Amino acid sequence: MARPVLTPDLCQNIVVNATPNQTPNDATQNLFALGVVDGTSAQIHKAKIQAALHLIEYRIAQGDILSGPTVTVDSCTQSVLASAQ
Amino acid sequence: MRNRRLILALSLFASLAVAAPNLIVSPNGTLYIYNPDKATVAEMADPANRGRWTVTVRHSAKSPAISLPVLDVTAHSSATGPNYVAVFVDTSALKPRDPHHYGWTVTFPLSTGPLSLTVPPPDTRFFAPAKSKDDANLYFFGSYLAGEGTKPIYSIDAKAGYIPEIHDSGIFLGIEAAATVNSGSQPPANRTRVDPDSITADIALRTARGNFLINTYPARGEFSRKNAASNFVPSALVQYVPRPLFQSPRHAFVLYETAGIEAGMNLNQPASVFKQPVDFSGYDKILRGVVGGYAAYYIMKKTGATAGDPYAAQVSLTYVGRILATDEPYVTSQTVRGAQVPLILLDDKMRHHIDGVILWNVSDFVGIQAKYTYGALPPLFQACAHQVTFGITFKAKLPGHI
């Protein structure tokens, strides 16, 4: 797959699709509402974001991804956009 | 006067609630200004103002600034999507091309005052400050303990681990250790002795695939310091992490199941346990099947939730069952003529262990935690019958200046 331009909208889709509930996008919603309710589900969420980025030929360390019950979709998206390479 | 105070309070709250603009540099070199002031978005995206933008990069704090031409500026606004102003720049002058190797400064003379946003150059020192605290974990819990058939004693649980990711591979490798002091005290306990009776130390290798967390411990030791027993038991565990079984905006109930295997050997056998001579001559190879589960009910805080303190209340239960393929010790007690005396066995019956936690943040300052433990842990599988510990947490932040 060709490497697409990484835009905020693409990053937000990746972030939301990696959550357990995958409910419609809302940038201000916290990830708890989307099913990332604790540290264990945050680990899975980060791994899924990393895997989705690998598929489109981007790399990111899981430690650079902000995730967890109190993190908003927007904050998580920004961390992905700022750290993906 | 009262209304003025209310208006002042509301405006202060509004000013705190509105996030300040921040600059994100994408891997393609496009700059995204998040949380722009809505009143100034049109001014920023106006093509007539394109020449008023200045974008400079620096490879390091001491290197000269390179000015980059701005090609276009667009504004994006959506009810559900991200809101931002995108600044497209010509990055052909950058060598290396990766924009994350540079520090960025963006300025624009807004009519309401100059806008200046920066992203600092990357810290290339070997011992740079950690970006997140995910890698390093320290845990310490001290408590007052009251249990069945025992006088109250003190209990200390301590855990430490450092398991960083290998580059961006999704594979984590590190070390961790845990020590428990007096958690399985032999009744009756008349005093508190700071002497860890359950210690584990391991090299951990972790990764995730789909909804599965895979934890392998290629080297793992189990120790009981009181009775000089130790095992070398590498293990592999898989945890299934499905979506919450119940979910609302502030409540969630989860159930994660675990299965795995522990296989190794006994390294060191005690000649006596609690002053009773024992014969563990058949205790050599170790093979255990492990089944378990983690169930938890979380209630998020209405306000003031932080990454380290997200819940108003939390109830969780962890079960680990070990199915033994070989005989292993089991230390319990029995009543003989009204006195509790140790009973030491060597058998292959299934070993159970349950940990329960109730955490309630009564207020922003005070939290109550109750822990329940039942069962036995390796290496000696010293039985712990219905142990309850209570803890009170007081949290307060002092002013940064006086």
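Two strands count as paired if DSSP finds at least two bridges between them. The strands themselves are DSSP runs (E, at least two residues), as are helices (H or I, at least four), and both are numbered from the N terminus. With that in hand, take strand E3 (residues 54–58) of chain B: three bridges join E3(B) to E4(B), and the two run antiparallel. Val57(B) has Ile66(B) in E4(B) as its bridge partner.

Before going on, some housekeeping. This is a predicted model, where local features need pLDDT of at least 70 and side-chain atom pairs count only at pLDDT 80 or more, while totals for chains, interfaces and linings use all residues. Residues are numbered from 1 along each chain as its sequence is written, chains are lettered from A and ligands numbered from 1 in the order in which they are written, and side-chain values use heavy atoms, with hydrogens and water left out.

**Sheets in chain B**

E3(B) and E4(B) belong to an open sheet of four strands, ordered E4-E3-E7-E8 with antiparallel pairing. Strand E4 (66–68) and strand E8 (113–119) of chain B are at the edges with a single partner strand each, so one side of each has no neighbour in the sheet. On average, neighbouring strands here are turned by 20 degrees against each other, direction ignored. (Axes are lines fitted to C-alpha atoms, for helices over the stretch in contact, and angles run from 0 to 180 degrees between N-to-C directions.)

Another open sheet of four strands in chain B goes E1-E2-E6-E5, again with antiparallel pairing. Its edge strands are E1 (22–25) and E5 (70–76) of chain B, each pairing on one side only. Within this sheet, Asn22(B) sits opposite Tyr34(B) in E2(B).

| Strand pair | Residues | Bridges |
|---|---|---|
| E1(B) and E2(B) | E2(B): residues 31–34 | four bridges |
| E24(B) and E25(B) | E24(B): residues 351–361; E25(B): residues 366–375 | nine bridges |

E24(B) and E25(B) are joined by a hairpin through four residues, and Ile354(B) has Tyr374(B) in E25(B) as its bridge partner. Further on, Pro378(B) and Pro379(B) are joined by a cis peptide bond, with omega at about 10 degrees. Pro379(B) lies in the loop between E25 and strand E26 (384–394) of chain B.

**Where the chains meet**

The contact (heavy atoms within 4.5 Å) takes 45 residues from chain A and 49 residues from chain B. About 3400 Å² is buried between the two chains, with carbon and sulfur atoms giving 54% of that. Buried area is the accessible area (1.4 Å probe) that two parts lose on being put together, summed over both.

There is one salt bridge across the interface, a salt bridge being a side-chain nitrogen of Lys or Arg within 4 Å of a carboxyl oxygen of Asp or Glu. Asp168(B) forms it with Arg59(A), and their closest N and O atoms are 3.0 Å apart. On the chain A side, helix H1 (8–17), helix H2 (39–55) and helix H3 (73–83) each supply at least two residues that touch chain B. H2(A) gives the most, with nine residues. As for H3(A), this helix lies across E1 and E2 of chain B, running at about 45 degrees to E1(B).
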